Each structure stands twice: as C-alpha cells, then as structure tokens.
Amino acid sequence: VRRLLAVLLAWGLASGLAAAQPAAPSPGPVSEEAVAEVASRLRCVVCQNLSVQDSPSEMARQMRDLIRERLARGESRDQVLAYFEARYGQWVLLTPKLHGFGLLAWVLPATGLGVGAVVLAVLARRWARRGSAPGAAARAAPGAPGPPAGPGQAPGDAAAPGPDDRERVRRELERLG
Amino acid sequence: VRLRRWLIPLAAVPVIGLLAYGFRANPRDVPSPLVRRPAPAFALTGFDGAPVSLEAHRGRVVVVNFWASWCVPACYDEAPVLEAGWRAYRDRGLVVLGIDVQDTDPAARAFIERFGLSFPNAPDPGGRVSIDYGVYGVPETFFVDRRGTIRGKHVGALTEAALRQAVEPLLGEPAG
C-alpha cells in the first residue's frame, strides 16, 4: 500500500509539474498570448477588416508563425510591428500611430467630443435661461427672489414671451383642461 | 443667431476637406513602402533543385514575380508574358525569378510545365519571402534594378506593355 501511495504521489507530482509547465514564462518558446498580442495589432492583408490574429487564412497563419519566430529570436513587440510596417506600410497597423496622418484618428474624436460638450453646455444654459426667465419675472415678488435672470436677457428679446402671450397660453390651457 | 449662420458652413469645411482627400486617393492603389529600397534578399531552392537567390543575379535587372497555380486567371494570363519577356531581354541582362506562393508541389510543377517556363522558379515555404516583400496577393511583380534596388511594383497580371515600360529604362542603366 505504501509503495502504491508513493507511486501515486510521484505520478501526481509529475502530472502537476507537466500541467504547470505551459503556464510558466519560459525564455525559449514564445507564448501564444505574446503572439496574439502582436497579431491582433496587425491587419490581415488578404481579408477585409480582420486582424492577423482573427483571420483563418493561410497568409495570416504564416504571419503568426513569423511573429512567433521573431519573438523567439528575442525581438520586442514593437520591433516585430516595425518589421511588418516596413513591408506593408502603416496600413498594416490596426492601431494608428501617434504622429502624421494617424494622429488625426486619435485627436479628432477627442476634439469632437470636447467641442460637442462645449456647444451642448452653451445651448443648455441658453435654453435654461429662456425657460426660466419669464416664470421668474412673473413670480417676482418683493422678498422672494426667483432664479436670477441671465445677464444676457435683453428687455427687448424677441424670443421671450410677453404678458399677452402668457395670458393667451393660460387661457388655452384652461380650455384644454 | 448670427453665430449659427457661420457655424454650419464652418462645420462643413473639415468634412469636405476629408472627403476631398478620400476621393482623390485611389482605393485600388496599394503603395509599397519597399519601392526605392533595397530588395530583400532571399535564398530558395528551385523546383529543379537549383538554388534561387537574388544575390546570384546582382548586376542584372531582376523581375521578381509572385504567382500561384490557383491564381486564376491573372497568373495564367501573365505566365506567357513573363516567359516571352525573359527570352527577349535575357541577352541584355534581365532575369525573371518566379516565386510560387501557398501552392502544392504537383500543381506548381504542372503550371510550370504548361507554360514551358524556362526561368528559375521556387516555392516559398512558410511565405517568408512573400511577407518580406509585403505581398498582398498573387500575382505581384517587383522590378529590381542592377544595383539591387526595388524600382517598381506591379499588382495584377503583367502585360507585355507594362513589362516593357518597367524594364526598358532599368536595362539602360549601368550596373555600377
């Protein structure tokens, strides 16, 4: 029984070691994750909108093999990407570079968001002012300050409803209710 | 209100600019960053067992042609053009090197036999040479001058006129 236990223990240890081996970062063979890291940044040249990592094509498979080989040779991720860029041009990179025309792809969305936010903020303030100004004027009683009317609220602003308009709206609301 | 009158045309300016850029660029144009660069070296073994390398032909004008037997009809169209060009210009210092891409051995040999190709042809195991040349598909042809610099690239079936136009000026250049 003891011998059997020893054998079982040895077997368990060996299989445990074998199972642990692929997970351990070894200097020699390159992990599939490392290859995928590079391959997912490259455009498959024979596909439409697929990365080298995602493409099932023969060409992409060959490229993944080449990536693995170059990484195993000790090249860094950026060196491998630079190799492909030298061969296929910037087009092959799925992530645009941070300079030249590629910079536009990074700057434009951020700029658009910023400009949009500013425009929205300005418009929202204008709408809020327009909506609250007449109400504030109507309810303005001594000692009960309403929301402050905006400084840009000119007396002759054509868009602001006058007393006649308000009276008309009140009458129509009554008729509806 | 006056601002709004300006804002819309102003917003249209970058859009029109981007469209103008996009429409003037040729979507079929596949620019190669390798043109005007030294041709990547390669050393392959031809279908006849002889070594096929670029280095061995330094001093000559080299037409490097990437093809495949499954590339129908473009490779079938250009194969006679390549063979005729090689025969016509070989005395003036031109060599054609065929590189067979992602092919099976029997199919490739049948292709060579069918067109009676007499210039060196070699398979490209693992696609290393194709990737080194930034090849997208077949056929693609590179024109290498006598000094080993890539001077032009032709995508698609090569015609007699295109071959002549690419090769004639290179043949007139000195090797030094």
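How many residue pairs are in polar contact between chain B and chain A? The count is 5 residue pairs, with both residues at pLDDT 80 or more; a polar contact here is a pair of N or O atoms within 3.5 Å, where, within protein, one atom must be able to donate a hydrogen and the other to accept it, and residues adjacent in sequence count only if both atoms are side-chain atoms. This is a predicted model, in which local features need pLDDT of at least 70, side-chain atom pairs count only at pLDDT 80 or more, and totals for chains, interfaces and linings use all residues. Residues are numbered from 1 along each chain as its sequence is written, chains are lettered from A and ligands numbered from 1 in the order in which they are written, and side-chain values use heavy atoms, with hydrogens and water left out.

Chain A contains 6 helices and 0 strands, and its elements run α-α-α-α-α-α from the N terminus on. Helices (H or I, at least four residues) and strands (E, at least two) are DSSP runs, numbered from the N terminus. Chain B, in turn, has 5 helices and 7 strands, arranged along the sequence as α-β-β-β-α-β-α-β-α-β-β-α. Of the 177 residues in chain A, 21% are buried, while in chain B 46% of the 176 residues count as buried. Buried means under 20% relative accessible area, exposed means over 50%, and partly exposed lies in between (1.4 Å probe, protein chains only). Contacts (heavy atoms within 4.5 Å) also tell something about each fold. In chain B, among contacts between residues at least 6 apart in sequence, 74% join residues at least 24 apart. In chain A, residues 24 or more positions apart account for 45% of the contacts with a separation of 6 or more.

Next comes the interface. Here 16 residues of chain B are in contact with 19 residues of chain A. The area buried between the two chains is about 1600 Å², with carbon and sulfur atoms giving 55% of that area; buried area is the accessible area (1.4 Å probe) that two parts lose on being put together, summed over both. Three residues, R128(B), I131(B) and Y136(B), supply 42% of the area that chain B buries against chain A, more than any other three residues. Between the chains, 2 salt bridges are counted, a salt bridge being a side-chain nitrogen of Lys or Arg within 4 Å of a carboxyl oxygen of Asp or Glu. D132(B) forms a salt bridge with R87(A), and their closest N and O atoms are 3.3 Å apart. On the side of chain B that touches chain A, α1 (2-24) and α4 (128-132) of chain B each supply at least two residues. The helix that gives the most to this side is α4(B), with 4 residues. By type, the residues on this side of chain B divide into 8 nonpolar, 5 polar and 3 charged. For this count, Ala, Val, Leu, Ile, Met, Phe, Trp, Tyr, Cys and Pro are nonpolar, Asp, Glu, Lys and Arg are charged, and the others, Gly among them, are polar.

Within chain B, the strands deserve a careful look. Strand β4 (residues 94-100) has 7 of its 7 residues buried, so it is largely enclosed by the rest of the structure. In a regular strand the side chains alternate between the two faces of the sheet. Both faces of β4(B) are covered, with L94(B), V96(B), G98(B) and D100(B) buried on one side and V95(B), L97(B) and I99(B) buried on the other. Its partner β3(B) is joined to β4(B) by 7 bridges, and the two run parallel; two strands pair if DSSP finds at least two bridges between them. In this pairing, N65(B) stands opposite G98(B).

Strand β3 (residues 61-67) also pairs with β6(B), this time in the antiparallel sense over 5 bridges, and V63(B) stands opposite F143(B) in β6(B). Strand β6 (residues 140-144) is mostly covered, as 5 of its 5 residues are buried. Another 5 bridges join β6(B) to strand β7 (residues 150-155), and these strands run antiparallel. There, E140(B) stands opposite V155(B). The hairpin formed by β6(B) and β7(B) has 5 residues between the strands, and G148(B) in the turn has a positive phi of about 90 degrees.

At 6% relative accessibility, E83(B) counts as buried. Its side chain makes a polar contact with the side chain of S118(B) (2.6 Å).
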